[in-house]
Amino acid sequence: MDDIDRIVGQWARERPDLQTEAMAVFGRIYRLAKLVGDRQEKVYVGLGVNRGEFDVLAALRRAGDPFQLPPKALSASLMLTTGGMTGRLDRLERAGLVTRSPDPDDRRGLVITLTDPGRELVDEAVGAGLAVQREVLERLPEPSRRQLATLLRELLTAAAGYGG
């Protein structure tokens with residue numbers, strides 16, 4: 001029995017009319033994401049960036065060579081407002097991890113480019129973050145990991161299609 005079982009049991013006692021299956025599933029998903037996310041954050045901070053800054057560097061790295069995106073595309077990729085993005089970009093630029101330059105395709109726009117030190121840092125950080133995830137996930141047998149990935153994909157697809 002875990003904390004979620006106890007919480008669900010308390011609700012069943014106090015409100016037997018409730019169906020708490022969803023609470024059992026999403027409570028565990030939330031707690032798992034928080035636990036692993038906090039561990040990853042510690043790794044990133046040890047490398048000199050926070051999770052939000054890592055996300056910016058990772059989006060630029062995933063864009064492929066020449067590792068650059070306009071700020072709007074970067075904001076959309078991270079589901080951030082441009083205002084929220086500006087602070088991250090300021091810090092990353094001061095640290096020499098990204099540069100801002102005029103967009104050759106839009107004379108009113110900018111393009112954000114990952115620098116070589118930024119690429120080195122994000123490559124190290126993504127490996128270290130994945131190691132944290134693997135450490136947790138490898139506690140399950142391999143067939144269970146595949147099954148879990150499939151079930152979570154199905155649930156995420158169902159949730160994305162839910163308009164409520």
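Q: Which exposed residues does helix 5 carry on the face turned away from its buried side?
A: In this predicted model, the face of helix 5 that is turned away from the buried side carries G83 and R94.

Q: Which residues of helix 5 are buried, and why are they said to lie on the same side of the helix?
A: M85, R88, L89 and L92 of helix 5 are buried. The term buried requires a relative accessible area under 20%. They cover an arc of only 100 degrees around the axis, which means that they sit on the same side of helix 5.

Q: What makes the span of helix 5 close to the expected one?
A: Helix 5 runs over residues 82–94 and has 13 residues. The distance from its first C-alpha to its last is 18 Å. At 1.5 Å a residue, 18 Å is also what is expected, hence the description "close".

Q: Why is M79 called exposed, and where does M79 lie?
A: M79 has a relative accessibility of 77%. The cut-off for exposed is over 50%, and M79 therefore counts as exposed. M79 is placed in the loop between helix 4 (71–78) and helix 5.

Q: What makes the phi of M79 worth a remark?
A: The phi of M79 is near 55 degrees, which is a positive value in a residue other than glycine. Most residues other than glycine have a negative phi.

Q: Why does F67 count as buried, and what is its phi?
A: F67 has a relative accessibility of 12%. Buried means under 20%, so F67 counts as buried. F67 lies in the loop between helix 3 and strand 1. The phi of F67 is near 60 degrees, a positive value in a residue that is not glycine.

Q: What is the omega of the peptide bond from D65 to P66, and where is P66 found?
A: The omega of the bond from D65 to P66 is near 20 degrees, and the bond is cis. P66 is found in the loop between helix 3 and strand 1. As a general rule, most peptide bonds are trans.

Q: Why are L47 and R39 called partly exposed?
A: L47 has a relative accessibility of 25%, and R39 has a relative accessible area of 39%. The class lies between the limits of 20% and 50%, and therefore L47 counts as partly exposed, as does R39. L47 lies in the loop between helix 2 and helix 3, whereas R39 lies in helix 2.

Q: What makes strand 1 and strand 2 edge strands?
A: The open sheet has 3 strands in the order 1-3-2, with antiparallel pairing. Strand 1 (68–69) and strand 2 each pair on one side only, and this makes them the edge strands.

Q: Which residues are closest to the centre of the largest pocket, and which element gives the most to its lining?
A: The largest pocket has a volume of about 930 Å³. Of its 24 lining residues, I29, L32, A33, L148 and L152 are the closest to its centre. Helix 2 gives the most to this lining, with 10 residues. The lining of the largest pocket divides into 15 nonpolar, 3 polar and 6 charged residues.

Q: What lines the second largest pocket?
A: The second largest pocket has a volume of about 200 Å³. It is lined by 14 residues, and the closest to its centre are Y44, F54, A58, R62 and V126. Helix 2, helix 3 (51–62) and helix 6 are the elements that give two or more residues to this lining. The lining of the second largest pocket comprises 6 nonpolar, 3 polar and 5 charged residues.

Notes:
Residues are numbered from 1 along each chain as its sequence is written. This is a predicted model: local features need pLDDT of at least 70, side-chain atom pairs count only at pLDDT 80 or more; totals for chains, interfaces and linings use all residues. Side-chain values use heavy atoms; hydrogens and water are left out. On a 1 Å grid over the protein atoms alone, a cavity is a set of points where a 1.4 Å probe fits but cannot get out, and a pocket is an open set with protein on both sides within 12 Å along at least five of seven lines; lining residues have an atom within 4 Å of a point. Grid points are joined across faces, edges and corners, and a volume is the space filled by probe spheres set on the points. Helices (H or I, at least four residues) and strands (E, at least two) are DSSP runs, numbered from the N terminus. Ala, Val, Leu, Ile, Met, Phe, Trp, Tyr, Cys and Pro count as nonpolar, Asp, Glu, Lys and Arg as charged, and the others, Gly among them, as polar. The expected span of a helix is 1.5 Å times one less than its number of residues. Buried means under 20% relative accessible area, exposed over 50%, partly exposed in between (1.4 Å probe, protein chains only). The arc is that of the directions from the helix axis to the C-beta atoms. Two strands pair if DSSP finds at least two bridges between them.
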